[in-house]
Amino acid sequence: MLLFCAIMLPILGSILIPLLPAKYLRLMEMVVMLVVLLTSVFALSAVITPPEGRFPIVLFVNNLSLSLRLDGLGRIFGGLVAVLWPMATLYAFEYMKDDPHPRTFFMFYTMTYGVTLGIAFSEDMLTMYFFYELLTLFTLPLVLHTMTREAVLASRKYLYYSLGGAAFAFLGLVYLMMYGVSVDFHLGGVLTPETIAQRGDILLVIYVIAFLGFSVKAAMFPFSGWLPTAGVAPTPVTALLHAVAVVKAGAFALIRLTYYSFGADFLRGTWAQGVVMGLAIFTVIYGCSRALKETHFKRRLAWSTVSNLSYILFGVTIMTPLGMAAAITHLVCHAFMKITGFFCAGAVIHQTERQYVHQLNGLGRRMPVIFGCFTAASLALMGVPGLAGFVSKWSLAQAAVSSGSPLALAGVGALLASALLTACYLLSIVVRAFFPAADFDESTLEGVQDPSWLMLLPILLLTGVVIFLGLCSTPLLQFIAGVAGGQI
């Protein structure tokens with residue numbers, strides 16, 4: 001029941017938001033924060049003390065149902081969402097204070113929270129697919145929110161990509177219904193040896209198709225184009241798109257598909273593994289290359305997300321317990337690093353209305369807290385020791401080397417090249433901000449300063465987590481290892 005309450009509270013609570021008087025903005029913010037905090041309390045209570053058994057929501061025929069159940073992987077993703085959403089909400093209050101349609105924004109923003117938790121708490125592939133598609137419908141108005149021509153085009157692109165990916169993923173669901181013992185999530189998969197012997201070839205094809213379908217939200221090449229385009233949405237939306245909700249839901253679904261549905265033992269060493277791992281490795285370099293060329297601040301971070309998401313997919317496609325653990329580790333670490341980076345970018349845009357990299361000269365001197373936190377997030381994304389990114393990248397390299405796969409070893413080379421490219425496209429921003437050219441005119445920054453505490457508090461807390469995970473990651477790594485090994 002606790003899982004159901006955590007999902008339904010933000011969905012039903014968001015319906016109250018448009019009913020509130022438009023002139024009472026502070027009242028609306030109080031209602032939104034109350035709903036979000038209560039949801040996080042429910043979700044974290046379930047994560048810390050998982051309820052026993054399953055909770056059916058809707059029963060269909062032939063033992064098919066929409067049901068909730070919390071396992072180790074769901075606890076990690078659900079806990080991550082529950083921790084980040086309140087901080088993102090606090091940030092959004094300041095960012096959206098001058099928006100003409102705040103009630104519409106916060107209605108869909110709050111609904112999305114419940115749907116994302118639904119993905120985390122799903123017992124089986126059918127339930128996850130249901131919430132996965134609801135996520136598209138609830139985030140589409142957020143991408144469209146500003147109603148500019150760019151927003152309309154971006155929302156269309158997002159919808160087309162997502163619907164195409166949904167069709168591919170649906171094939172995987174159908175074949176699991178036909179040939180799996182069930183569609184429930186079981187570490188090791190639901191395909192019997194007899195089914196693999198009789199239908200192994202077609203199941204490999206279906207796995208690749210389903211992987212490509214779910215990889216749309218994870219922005220893997222060649223389906224990555226929608227993500228930078230969606231950056232036209234308000235920064236609180238893009239931060240959640242890139243760090244928590246949409247793209248992480250795609251990566252989470254691929255972990256479920258590979259390790260809990262088809263089974264890594266069946267897939268390891270097949271041509272299907274080579275295809276999906278090759279695409280993930282290519283996307284690591286492709287995303288970094290596009291980020292290096294990009295001049296728009298948020299779109300540069302978006303292409304960085306494309307690259308870093310494929311770090312997770314690379315770990316998934318190693319198809320060993322170490323690979324799964326490394327993928328989950330980067331899923332968690334990247335969430336904190338990237339949401340910090342996007343919040344810093346949004347703060348710059350909010351305070352200065354400057355959106356391009358060449359416009360950031362000298363801003364570090366006027367916004368030292370924001371660019372100090374951005375520097376920490378950038379160093380973490382590069383993989384500097386002592387920060388969160390090093391922990392997850394080291395885990396990925398260890399998993400790749402231990403697998404003994406030549407293609408996985410090539411992936412380690414891609415990680416090293418990506419670290420160099422990441423340093424180029426992120427540190428160039430830091431250098432511009434703190435060390436402008438000698439002839440820079442300081443008067444152009446008159447009145448620029450760090451934002452209010454509503455923005456600074458979440459950014460400082462998130463930066464602290466990035467540092468903490470780099471220095472004290474052992475408990476997290478032990479828990480993740482237990483999940484990947486089936487002990488949790």
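User: Before we look at the rings, which rule decides that two of them pair?

Analyst: Rings of Phe, Tyr and Trp (its six-membered ring) pair if their centres lie within 6.5 Å; planes under 30 degrees apart count as stacked, over 60 as edge-to-face and the rest as tilted. In this structure, ring pairs join Trp85, Phe93, Phe105, Phe106, Tyr109 and Tyr113 into a cluster. The structure holds 26 aromatic pairs.

User: Why does the pair of tyrosine 91 and phenylalanine 343 count as stacked?

Analyst: The ring centres of tyrosine 91 and phenylalanine 343 are 3.9 Å apart and their planes are at 10 degrees, so the pair is stacked. Helices (H or I, at least four residues) and strands (E, at least two) are DSSP runs, numbered from the N terminus. Tyrosine 91 belongs to helix H3 (residues 72-95) and phenylalanine 343 to helix H14 (residues 321-352), so the pair ties together parts that are 252 residues apart in sequence.

User: Are these two residues buried or exposed?

Analyst: Buried means under 20% relative accessible area, exposed over 50%, and partly exposed in between (1.4 Å probe, protein chains only). Tyrosine 91 and phenylalanine 343 are both buried.

User: Which arrangement do tyrosine 207 and phenylalanine 262 form?

Analyst: Their aromatic pair is edge-to-face, with 5.4 Å centre to centre and 65 degrees between the planes. The pair links distant parts of the chain, with tyrosine 207 in helix H7 (residues 193-214) and phenylalanine 262 in helix H10 (residues 246-262), 55 residues apart. Both tyrosine 207 and phenylalanine 262 are buried.

User: What does leucine 73 contact beyond its neighbours within four places in sequence?

Analyst: Contact means heavy atoms within 4.5 Å. With those neighbours left aside, leucine 73 is in contact with Phe252, Ile255, Arg256, Tyr260, Ile328 and Val483. Leucine 73 is found in helix H3 and is buried, with a relative accessible area of 3%.

User: How should I read the protein chain as a whole?

Analyst: The radius of gyration is taken over C-alpha atoms, and the globule rule is 2.2 Å times the number of residues to the power 0.38. For 488 residues, a compact globule would have a radius of gyration near 23 Å, and the protein chain has 22 Å, which agrees. Its secondary structure comes to 20 helices and two strands, and buried residues make up 60% of the 488 residues.

User: What kind of model is this, and how are residues numbered?

Analyst: This is a predicted model, in which local features need pLDDT of at least 70, side-chain atom pairs count only at pLDDT 80 or more, and totals for chains, interfaces and linings use all residues. Residues are numbered from 1 along each chain as its sequence is written, and side-chain values use heavy atoms, with hydrogens and water left out.
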